[in-house]
Each structure stands twice: as C-alpha cells, then as structure tokens.
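The sequence and structure come next.

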Amino acid sequence: MQSKGAIKLLAILLALVCLYQLSFTFVTRSVENQARETTGDDPRAYQVYLDSISNEGVFNLLVKNYSYQECKERELNLGLDLKGGMNVTLEVSVVDLIRAMSNYSTDTTFNSAIERALQMQTNSQEPFVTLFGRAFEEVDPNARLAAIFNTMDLQGRVSFNSTNAEVIAVIREESNDAIDRTFNILRTRIDKFGVAQPNIQQLGSGRILVELPGVKEPERVRKLLQGTAKLEFWETYENNEAFPHLEEVNDFLREETEKDSLRATLDDTASTDDALAALIPDESDDPELQDDADVEETDPEAAVDGAVAEADTGAGEPSLLEQFESDTAGADTSDAPASFEDFSKENPLFALLNPAIFTNQNQQQEFRPGPVIGYAAIKDTGRINDIFSRPEVLAILPKEMKLLWSVKPPTEGSKALELIAIKVTSREGIAPLDGTAISDARQDFGQFNSKPEIVMNMNAEGAKIWKRLTGENVNRSVAIVLDNYVYSYPTVQGEIAGGRSSITGNFTINEAKDLANILKAGKLPAPARIVEEAVVGPSLGQEAIQSGLLSFIIALILVLIYMVFYYSNAGWAADIALGSNVFFIFGVLASLGAVLTLPGIAGIVLTLGMAVDANILIFERIREELRAGKGHRLAISDGFGNAYSAIIDANVTTLLTGIILYIFGSGPVQGFATTLIIGILTSLFSAIFISRLIFEWRLARNKSIKFATKLTANVLTNTKIDFVGKRKLYYTISGIIIAAGIAGIIIRGFSLGVDFKGGRSYIVRFDQPVNTVDIRSQLAGPLEGAPEVKTFGPSNQVKITTAYLINENTAEADDQAESVLINTLNIERDQLMSSQKVGPTIADDIKVSAIWAISISIIIIFLYILMRFRRVAFSAGAVAALAHDTMVILSIFSIFWGVLPFSLEIDQAFIAAILTVMGYSINDTVVVFDRIREFMGIHHKADLKTVINSALNATLSRTINTSLTIFMVLLSIFIFGGEVIRGFSFALLVGLVVGTYSSVCIATPIVLDLASKQQAKKGKK
C-alpha cells in the first residue's frame, strides 16, 4: 500500500477535526441537561437559566474559553422535523412593486398586461418582469411603457423616449434591488426575533427561505415576516360627520332593484342574540370605553406626552339594532328571527355594521366621539368590504373618505372589529406623514396603566410635520395605520413638538416587541407573501428524533452482526471502517454547518448499506484471489486493486444523483441529499483506506485474516445460472407489471401530496381513535369543501388536506385556516402536530423541478456510462433499467395507494426516493458491467452471452450480500423510522428489490440484445 503514512496522517487529522466540531454539541447537551435538572419541568425557568449563562464560559480549550452561546452556534444543527419549528418560503410580490413604480397607473393596457402576466406565471418558471414585458407587447404591440413609467421617482432613468426594452431593464434592476433589500430587512427582523440558529437564504426567482427552529407561535412569525411595515399617520372624520353618508349607503342598498340577491346575502346573518354578542363589546370589560368627561377627569393616561389622548368610545351602549330589539322585547320569541329579517331588509348595511351610537345617562342617543363609525363581527368584514368597494357606493361616499378596520378587537374576548373613517387630504392620496420619518422604535410600558406600547422617535423632518399635523387637529383624532390596519387613533389635546409619539392598544409584550422590531428594521420595498410553509410541533420533533435514532441503531447493529457472520474477522475490519464512516459523517455535517433532518438520518442509514457495499466488493474479490491459490498478502493487494474500478464507477453514479437531488430539491430533500453526498465520500475513504490499514496492521503482526466462516465459505461460489437465456420471461413479467401500472395510473391516478397539487395539510392527534369519514363531513362546511382525511400512523392521528383559502397569501388567511380547523374539531392548538402550506405557483415549480431532476439524472448517467464503457449498448441498457425501475415504482404507488395502511403520496420525498433508487440501481448495474468489461478483455473468443452469464454469476454473491444488507437497513427505517418517512422508505424498499432485479434481469439482457443486433448489422454489411 503506497503513501501509507500520508493516509494515516489524513485519517488522524480528519478524526481530530470531527471530534473538535462534535465536542460543541456534547458540551451544549451537557449544559442543557444540567439546566433541566436545575429548573425541573418549568420551560420558562429553563429558558431563563440558559439566557443567564449564555455569555459564561462553559468549554475551555487551550486557545479559548467558549461561552454557551458560542457553543450553541457551533453545535450540530438539527432540522425542524427533529426539534420542531417553522420553515417558510416567501415570494416578493414583484407585481405590487411594478404597480407602485407606475404610480398605480390606471392605463388599460398596463393593467391588462399585469393580469395576462399573472396568468402566464402559473405555468412558467420565468421571472415575472420578463412575463410582464412579453404580455405588454401581446396586449398592444404599439403601446409604450415609457408613457407609464416616466414618473418623478424614475426621473433620469426612464424618459419619454425610452424603449420598452430599456424600461423593462430598469424594472428588472429595481425588482432585483427590491428582493435584495427585502432579504436584508427580513434578516434584520429575524435577528431581533431571538431564535437560536435561524437560517435565511435567497432561493432565486424572488423567493426567500426562512427556517426558525423551536418557534411555537407560527401566527406571530407570519405577521413578522409578511408585514410590509407601511406606517402612516392620517387625519380622520368624526363619527357624526361620517354617519349621514352611512345612512345614504343604507338607503341605497334598501332601494336596490337586486333585492333577491341581497336577501340571499343577508340570509346567512346570525341570530339576533349571536349577532349582538359578536357585534357589541362589553363596556364593563373595557376601561377605555367611558364618557369623555370621565377620561379627562380620572384617566391621566389620556394624554400622550401631555397632549394626545385615546379617543373616548362609549361602545357597548344600545345601538339602532338594540333599540329595535328593546322595542320588541314583549313580543313572542318565536317571532324573533322574522323580526330580525325585517330589520335586515330595512337596514341592509346596519344589519352587518353596528353604528357607533350609544345611549347616555339621560337615555338619549348620542354619537360616540372619535373616528369609529361602527362595529362588525370579524366574519362579516369581508361582506362589508364588498359593499364599500362597489362603484355605486363609492360614488355616495366623499372622495376624501376611506374606511379602514382596526387591527384587532377593542377588548379581549370580543369578536368585533372597529371601522374607522380616514380623511385623505392630499391630491395624490398619500398620508401626510409615513414611516420614513421614524428614526427609532422600541417596546415600552404605559406611564399610568403599564400596558405594552410602542414608543417612536422621529427625524427632524418628521417632527416638523408631526407638529403641524397635531396642531391642525386639536380635539380630533389622528389614526396610526400600519399595513392598512388602524392600530390606534389618539385624540390630540394640543400641538406636539419634539417628534415623539406612541402606539397604544390591546397589545401583548411580544406583539409590541415585534411591531417595534418591524418599524425599526424598515419598510419592505414590496410585500413578501408566504407561498410555502411547514410547521412542526416540538412533540412531533422529539418523536422524530427517537424514531430516527432507533432505526439508525437497529440498522447499524444488524449490519455489524451480518458482516461478522458472513466474513468472519475480516467483517470486524469492515465494522470498524463503518463506525469511522458514521463518525466522519456527523463530524463533517457539524463542520459545514449543515442541517441534520429526519430524511437526512434516513440518508445516513442508507449510506451504511452503501458503505458496506464497497467492503463487500473488496472482500468478494479477495475471496476470488484466495480461491485462485494466492497467499493472503497478495490476495488482499490484488483484491483491493481489482475492486477499485467497480467501487469508483458505482459511487460516482450515485454521487451524481445526490448532487442533482441537492440542486433541485428543497428543505428535507436537500437534507437527505447532503448526508447522502457526504456519506458516499466518507464511505469511500473508510472502505478503501481504513479497512486496508487494519489489514496491513494485522499482516505486519502475522495475525490471521479470514474472509469467510464455515457456513459461508462456499456460498454462491460456483453458480452457473443462465440468466440471459430467460430474458424473454423477465421482459414478460416486467411488461405485465408496467401495463397494470399504466392502467392504474389512467384509472386511479396518484395520491398527490400538497407539494405537487398545492393546498394546506395538517397532522392532528386526538385523544381517542377517530373515524376519518366523520371528520371529513364535519369539516366540509367550514372549509368550503370536503377535505381529504387519512389515518396517519395510529388510529387517533389523521392527516387533513384542504385547498381552503390557499390562494390568499396573507397571515390572516393562514391564521383563519388554522382557527377553523381547531374550532370545528374542538381541539387544543398543541394537538395540531404539524402543518404544511404550498401555494399553487410553487407547487407547479416543484413539479417542474422534479421532472428536470429525473431527466437530467438519466442523461448524466447515460453519458457517464458511455464515457466509461464506450459502448452505446451499455448506456442504453443502464437507462432502460432506470426507466423500468421508475415505472414499476410508479405502478405500485398508483395501484396500492388507499389500499396499504400508510401514505403513498407522490411528493418531494418520493422524487428523492426515485432518484436514490436510480443511484442504487445504476450502482448495481455498473458493478456487473465492470465485470463484463473485464471478462471481455480476458475471454476474447467467448460469445457475449457466455461472457455476460459468467459476469452475472461471478458478481452474484456481491449482489445478494449488498442487497440483503441494504434491505435490512431499509426495513429498519420502514418499521422504526416513523410515519413521516414511511412512504419514502417503502419506495426505497420497493426500489431496492426492483433495482436488483433490473440490474441482473433487464439491463444486461438488453445489452446482449442490442449488441447482437449491432453485430448482425455489421455481418450483413
């Protein structure tokens, strides 16, 4: 063995680096175990303890004493599926950016091009700016973009004479810049969020990946990431000024000719009691809802910096609707529904929007002071928005008036939002003061009531405008609006100088911190919408760790025992090499900062089987040399030398599929590909060098090395099976299976996962076993269509998939979908074990990426085989075997989904399984091809059929041993790896069996048939 010293040095250095990197993980685990012992089961105390020692030295090396925080940053990263958390893919809304750049142009061609580009985007991978430029040309080839984008903001970059191509170039540049700025702003927000080991990266095409481990409040994260931080300060109308316009709208709706349509809309209105309970906040629970005189005399918090006070409300007093009910109190209760229906017919607007009118102490009705003009149940706000967006209604309202909802109910427990009347005083329709004036923002507590609030400081220009704005609106309200929701509307008591203001409301501390964080980080240049999301609860993550480790340990033990059983003490050398390989994999993962996911553990477990394959190849060649009469030293040297070619070829093809998986995959699939790639490289080093060093060490000390036991010495040594002679039988069997699969695909199709069809998916765990049919019918109404409900693992756990609100990329839609599910099923939030959301656009992208991944893999493998074996027949046989394997697996998944008691969804994990099977199958095929090539060089006069049969029989022992060890590994993953990857491991199991079969019974017979045809053609010529 040459360069033995260099190899030893490399092995020692690699081991030291891995030990150094993994030591940080050992230290953090030790510190965290100590924290648990100290704090018991109190999670808050546990976190406080860790925070208190975060900067203390806990790991003293010679060069530095590392703190707990520094060790935490260097530990082995666990994926979200192993420790819980949230994975989000955001897409920057380039269409909103383009609209803003055009100053929200009303040009017909421009808006038609926007709509056309949005349609094109659903089936295209091109950037939206490119699609918009193409759509604009299609809508009107003679139209000029310069006429639309020649704005003040783009002055100097777009002139009236600019060509469409030049304008598109400017838009593209602005778009790329906006994506970069959005990325930086989001990173700033996340850094201030306080999550350990967050990950944020740009994915291209305007998409940004955010991974937040350990997050337990997904709704909070959605608001943090999707809020554009568009802060505005607006003047307002007083309630009594706006109410006459509401009456006009109410009269218009009543007089409309389309009464039947309107009546159908109002039939869904809740019963009177429910409506009142939802619409009217309880005055007794809200300290802010009091008379004006009471606020001024008894509430010192009424002033902000001595000048701004919260508006008096008076909500909860009898409204028009309450007065109506009071008048009919003596009537028969059975008439109540009809009475409310009559009221709705007469007051179609006020049946949904409760006017802000209350009864004073003298039993007289008064308008509530301030800008709040009404209340509405949260569920009714959409219908009210539809009413106020109608052109006929907009014509009734003043042009200067726009209506905005409060961000949350005025009191805790209320289900109503306030509607606030905003006054637009500028001709351009922009706010007199916006977030660009804010120089600093922080969370604080109110001076008198200690409630969380956000304190803001303004720059010089902002302070000047704020002084003027407050001076012009004394005794009136100024609304503080963020992302088109009103957060507060203080009443100005006097002019405010100094540029200091605050946002008060019914905030929690975390909400106030997040809002201050968002304001301080800055406004997003364009909205960022969540197009893909996965949330894993901490309990499911812990279960995944346990199941993943269990499958890993069992697989490792089975492989170690089998190698010793079959190869005697040489098996111990393979076991040591295998242990070294596992150590190197974890060390390299920690060194690279890679994330270990549950599919990643599956990748490591699979690597164990593939690492054994290299040892088996070497050992089988050594056994052949020993049977030829060579001594141990020479047999070992020749055995290693003869096995190198097959080992390199087999692992390179698998490595190529792993790289393609990494490029085209995302999330857990990338984690699987990462460990697979690292595992292939480390297994090559371990099998070729570590085991060789062990043999050299034993030979130097004249210790015996045995490569077989009495039971296995002559197993599969002299087989003479005519494999290729039965090729027509193999073709028939495969043809029948594939034909049945094609029929199944046509008739039944596939069970597509959320990855491929888009939608929302939830894993819910109940206290007792449940019936999926009952749950489906229970959710059909609230989710606006029957969802797909499957048992997922135990009988008390189900997977629910729905398309409910999937086209609405807002935090509110995501929260609403979860709330509907939780409320309808009457479960606690922690029973929602995990959730996933994939928007339609990204689902289409995933499908396209999957097709590209498989296609490119096949092309690369074809070219590599052609390059190595220099015969088209070999490449064609290998690719035919891969196509065969893929079709058989697809057939089985089509035929048996819904039949077998576990998920057989076609998703990203399935594509990873297909590519892995392709890698294994080509690995097996290449080993056989390599022996065929060797025998063709030795037996020049033998016919090809004899050579192929001899090669297949010579490699049969290796084929069966490798397949058996990998089968044991995959069976361990399938049984013990957990429900999340059961379908994935089943695909690998099927693929292993099919891949072994195809490498022997499909690939080599096709080589024979193609080569025979080529020879026949040459003979004719």
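## Helix H7

Helix H7 covers residues 128-139, and at 1.5 Å a residue its 12 residues should span 16 Å. The model is a predicted one.

The buried residues of H7 are Phe-128, Val-129, Leu-131, Phe-132, Gly-133, Ala-135 and Phe-136. Among the elements that cover these buried residues are helix H5 (94-101), helix H6 (108-121), helix H8 (146-149) and helix H9 (164-191).

## The chain as a whole

The protein chain contains 35 helices and 29 strands. Of its 1021 residues, 54% are buried. Among contacts in the chain with a separation of 6 or more, 74% are between residues 24 or more positions apart.

## Packing of H32 and H33

Two packed helices are described by the angle between their axes and the distance between the axes. For helix H32 (residues 908-938) and helix H33 (residues 944-954), the angle is about 130° and the axes are 9 Å apart. H32 and H33 are therefore oblique to each other, and their crossing is right-handed.

On the H32 side, the residues in contact are Val-928, Arg-931, Ile-932, Phe-935 and Met-936. They meet Leu-944, Val-947, Ile-948, Ser-950, Ala-951, Leu-952 and Ala-954 of H33.

## The eight-stranded sheet

An open sheet is formed by eight strands in the order S5-S6-S4-S22-S28-S25-S27-S26, with antiparallel pairing. At the edges stand strand S5 (199-204) and strand S26 (788-791); each has a single partner strand, so one side of each is left without a neighbour in the sheet. On average, neighbouring strands in this sheet are turned by 20° against each other, direction ignored.

Within the sheet, six bridges pair strand S25 (residues 759-765) with strand S28 (residues 832-838) in the antiparallel sense. Arg-760 has Lys-837 in S28 as its bridge partner. Helix H28 (residues 772-780) lies across S26 and strand S27 (797-802), and runs at about 155° to S26.

## The three-stranded sheet

Another open sheet has three strands in the order S16-S17-S21, and its pairing is antiparallel. Its edges are strand S16 (438-445) and strand S21 (500-503), each with a single partner strand, so one side of each is left without a neighbour in the sheet. Neighbouring strands here are turned by 25° against each other on average, direction ignored.

Strand S17 (residues 452-458) is joined to S21 by four bridges, and the two run antiparallel. Val-455 stands opposite Ser-502 in S21. Helix H19 (residues 460-471) lies across S17 and S21, running at about 110° to S17.

## Lys-399

Lys-399 is located in the loop between helix H18 (391-396) and strand S13 (401-405). Is this residue, Lys-399, buried or exposed? Its relative accessible area is 81%, and exposed means over 50%, so Lys-399 is exposed.

Lys-399 and Val-424 are 25 residues apart along the chain, and their C-alpha atoms are separated by 8.1 Å.

Note on methods
Residues numbered from 1 in each chain as written. Predicted model: local features only at pLDDT ≥ 70, side-chain atom pairs only at ≥ 80, totals over all residues. Heavy atoms only, no water. Pairing = 2+ DSSP bridges. Axes fitted to C-alpha atoms, helices over the stretch in contact; angles between N-to-C directions. Contact = heavy atoms within 4.5 Å. Expected span 1.5 Å × (residues − 1). Buried < 20%, exposed > 50% of the residue type's maximum accessible area, 1.4 Å probe, protein only. Parallel < 35°, antiparallel > 145°, perpendicular 65-115°, else oblique. Left-handed = near helix turned anticlockwise from the far one by under 90°.
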